[in-house]
Amino acid sequence: MNPAGIPEQARRAWAIAKKDIRIYYLKGPVLIFGIFMPVFLFLAFFMGSRNLPFPFLYSGLLSMTLFFTATAVSPAIFPWEGSARTLERLASCPVTIPTIVLGDMIASLLFGIGVTAVALLLGLAMGLPLLHAATLGAAVLLAGCCFSALGMLLSVPPTNVPSNIMMLSSLLKFPLVFVSGIFIPLGEMPPWGMAIAVCSPLTYFTDLVRYAVTGTNFFPLLADFFALAAFMLAFTAVTMVLHRRTMPMRM
Amino acid sequence: MPHVIEVQDLTKAYGTTIAVDHIGFRVEEGEIFGFLGPNGAGKTTTVRMLTGVIPMDGGSARILGHDIRAEPVQAKQRIGVVPETSNAYTDLTAWQNLMLMGELYGLEHGHSAGRARDLLDMLGLLGKKDQKVQAYSKGMKQRLILAMALLHEPVLLFLDEPTGGLDVQSTQMILAMLRDLNEGGTTIFLTTHNMDEANRLCHRVGIIRSGRMVALDAPEKLKAAIDRVHLIDASFDREIPPDALSGRAGITEVARSGDKWRITTDNPDAAVRSLLEASRERGATIISLNTLAPSLDDAFLRLTRGKEP
């Protein structure tokens, strides 16, 4: 057994992911930011936008659900573990910093996919059409990875006060929801709005979900997948590099 | 005998404060090495660098032949770490914490489970293995941390103040286990500011003060370095002023210590005679008279006095 080899480090990342799921995914901030928030946002717009069709709005709810759940816990895990000193325990174990980050990302991804699947099943039960299931599955997987990496990127500042990170996280996440075509169709956005929308990974995921349930899309599907993959790779690479620098500062 | 720890010019700075200043030492296989120093001397920072938790700013450290900077995973795979503060996951049970450690060290589940059961039994925690750690006392948490550090049978164990603030039962249990482990061949690097603990356990000690190594030797040799100095504690049934004691034959220094006088002397015989003389002159009765041989504590204080940068 080579403890530093990729297969062994991947096994250990999975152990970290299981630990995260067991410990963190039933805490208050997760429920608030991961589940209640997208539901309340959806209800608010559903009440105020009765002229928008149900599949359009519900596809937005699915996008928000994955986005909020996959980024709900990951930004706060490092500060939580830093303040509880359990991060020092992990750091003294034979795992690399990328392994710890990967473990946290896997847990976020699984939680995001799980809650989104429940939201999808509820939608189907309410009559939501599912026209392109394979596209939706691939999009959820890719976007889940992308949003998990974004969540870990948000935890880079070396503070061990979770509320600081959650505030920073909210400052980024809420504006993104409003500029990513969830409530306002991309085609109806002003040029400045479109300029911002193309910079958000949530835009491309929303476009793919909308295609899966309404059959219409704004960008070519390949462009959506390519953009999501590019964001995912960039977020993952940057978060790995930055956590290597800042994690020792938490000890 | 091979060296399991080789440290050269190890340095760490936090801003303008130098926490560890170019220290160097070696630890041999099978020994218990005590790393002593007052609070803030740099002990914990050194341990964190040696265990790969924080990076060093300069120098080098080889742990079991692996450069801790170049091959941290290989080094960590064979060491166990008991930190100063308990850092088990309090939302998990003791059993879940141990199983997590097993997975992080790449152990097979069956092997982890058997080993965890043995360790919990040995440390008196088996009956509470399914209880969440948040309900554990400080002593129980520290015993659990020791079990977590030993699960993968490390050949080198780092302990940072393992008995700090613990009750007598937990302290004795941990110290006895450390002796047994060492007899079984485990090398132990023990950080402490408890001189008595170091004196009883360690084959060699290194003393650090303000980030610098000020002594490195066997405890008895360090004590021998100051053996000409003795202390005498004396108490009387009535108040005797210090000037009635100081300046007499054999008495070098007089200091109040609670309800006693602490006399420093390099001639205990003359000092005791002087104390008897002083008590007779003042019409006082001696209630207690104790001569204290130099301790490692004294050696530590003497060796580091006046060396503050």
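The tour below starts with chain B as a whole and ends at a cavity.

This is a predicted model, in which local features need pLDDT of at least 70 and side-chain atom pairs count only at pLDDT 80 or more, while totals for chains, interfaces and linings use all residues. Residues are numbered from 1 along each chain as its sequence is written, chains are lettered from A and ligands numbered from 1 in the order in which they are written, and side-chain values use heavy atoms, with hydrogens and water left out.

**Stop 1: chain B**

Helices (H or I, at least four residues) and strands (E, at least two) are DSSP runs, numbered from the N terminus. The C-alpha atoms of the chain fill a box of roughly 75 × 45 × 40 Å along the principal axes. Of its 309 residues, 51% are buried, where buried means under 20% relative accessible area, exposed over 50% and partly exposed in between, with a 1.4 Å probe and protein chains only.

**Stop 2: a four-stranded sheet**

Now select strands β2, β1, β4 and β5 of chain B, which form an open antiparallel sheet in that order. Two strands pair if DSSP finds at least two bridges between them. The edges belong to β2 (17-28) and β5 (66-67) of chain B; each has a single partner strand, so one side of each is left without a neighbour in the sheet. Zoom in on β1 (residues 3-14) of chain B, joined to β4(B) by five bridges. Val7(B) has Ala61(B) in β4(B) as its bridge partner.

**Stop 3: Ile63(B)**

Stay with strand β4 (residues 58-63) of chain B and pick Ile63(B). Is Ile63(B) buried or exposed? Ile63(B) is buried, at 0% relative accessible area. Show its contacts (heavy atoms within 4.5 Å): leaving out residues up to four places away in sequence, Ile63(B) touches Val4(B), Ile5(B), Leu50(B), Ile68(B), Ala75(B), Ile79(B), Leu156(B) and Phe158(B).

**Stop 4: Glu8(A)**

Move to chain A and select Glu8(A), in helix α1 (residues 6-24). Glu8(A) counts as buried, at 8% relative accessibility. Beyond residues up to four places away in sequence, Glu8(A) touches Met1(A), Asn2(A), Pro3(A) and, from the other chain, Gly106(B).

**Stop 5: the largest pocket**

Select Ile97(A), Gly52(B), Arg69(B), Pro72(B) and Lys76(B), which lie nearest the centre of the largest pocket among its 20 lining residues. The pocket holds about 440 Å³ of space. Both α6 (97-125) of chain A and α2 (72-77) of chain B supply at least two residues of the lining.

On a 1 Å grid over the protein atoms alone, a pocket is an open set of points with protein on both sides within 12 Å along at least five of seven lines, a cavity is a set where a 1.4 Å probe fits but cannot get out, and lining residues have an atom within 4 Å of a point. Grid points are joined across faces, edges and corners, and a volume is the space filled by probe spheres set on the points.

**Stop 6: the cavity**

Finally, select Glu81(A), Gly82(A), Arg85(A), Leu87(A), Glu88(A), Arg250(A) and Met251(A), which line the largest cavity. Its volume is about 30 Å³.
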